[in-house]
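Please open the model in a viewer and keep the selection tool at hand.

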Amino acid sequence: MDEHTNDQTQPAPAPAAPPTRPAVLCASCRYDISNQPVGGRCPECGTPIMQTGSPQLTQGKAIAAMVLGICSIPACLLYGIPGLVCGILAVVYAKKADVAIQLGQAPVTSRGFAKAGRICGWVGIALSCLYALLIFAYIAFMVLIMVGASAGGGGY
């Protein structure tokens, strides 16, 4: 018999247990959606399933809307123009974030950021318009005073 052959066979190692996946919870109702396909809907509340793994808590457009909305309020004191621009951009980004949430392309948890951005954006727009009108009224008043003074209203 050959020295290299061994009639005794080694037992095959037992198959390893499949790794356990951490629970993936629905963003709305916190139901375990680990076994649900991406693109489907939560069986508990019907929210679209965006992704598996680490859940995305907010959307960039909603955060941008909130930051721009907050910045639009103090920026209205810069002659109204920067505040107006930031406010308009905040309202536009909030609308885009809401549309993405309704289409299921963004998590529902970013709705609060979008709402805060929209509210702050409208406040910033209103304050910017008011401040710009105040500046224009002041300039018009000063021009009228100068015109009146140059027309001989000095009294000498």
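Select the buried residues of α3 to begin: Ala114, Gly117, Cys120, Gly121, Gly124, Ile125, Ser128, Ala132 and Ile135. Buried here means under 20% relative accessible area, exposed over 50% and partly exposed in between, with a 1.4 Å probe and protein chains only. Helices (H or I, at least four residues) and strands (E, at least two) are DSSP runs, numbered from the N terminus.

The model is predicted: local features need pLDDT of at least 70, side-chain atom pairs count only at pLDDT 80 or more, and totals for chains, interfaces and linings use all residues. Residues are numbered from 1 along each chain as its sequence is written, and side-chain values use heavy atoms, with hydrogens and water left out.

Next, display α1 and α2 (81-102), against which the buried residues of α3 pack. Contact means heavy atoms within 4.5 Å.

Now select α1 (residues 60-75) together with α3 (residues 111-150): their axes come within 7 Å and cross at roughly 25°. The two helices are therefore roughly parallel, the term for angles under 35 degrees, whereas over 145 counts as roughly antiparallel, 65 to 115 as roughly perpendicular and the rest as oblique. Axes are lines fitted to C-alpha atoms, for helices over the stretch in contact, and angles run from 0 to 180 degrees between N-to-C directions. On the α1 side, the contact includes Ala62, Met66 and Ile73, and on the α3 side it includes Phe113, Cys120 and Leu127. By class, this contact of α1 with α3 has twelve nonpolar, six polar and no charged residues. Ala, Val, Leu, Ile, Met, Phe, Trp, Tyr, Cys and Pro count as nonpolar, Asp, Glu, Lys and Arg as charged, and the others, Gly among them, as polar.

Among the residues in contact are Lys95 and Asp98 of α2, and Arg111, Arg118 and Trp122 of α3. The residues of the contact of α2 with α3 divide into eleven nonpolar, six polar and four charged.

Move to Gln59, in the segment before α1. Gln59 counts as buried because its relative accessibility is 11%. Leaving aside neighbours within four places in sequence, Gln59 is in contact with Ala97, Ala100, Ala106, Pro107 and Ser110.

Finally, show the whole chain, which has three helices and zero strands. Of its 156 residues, 26% count as buried.
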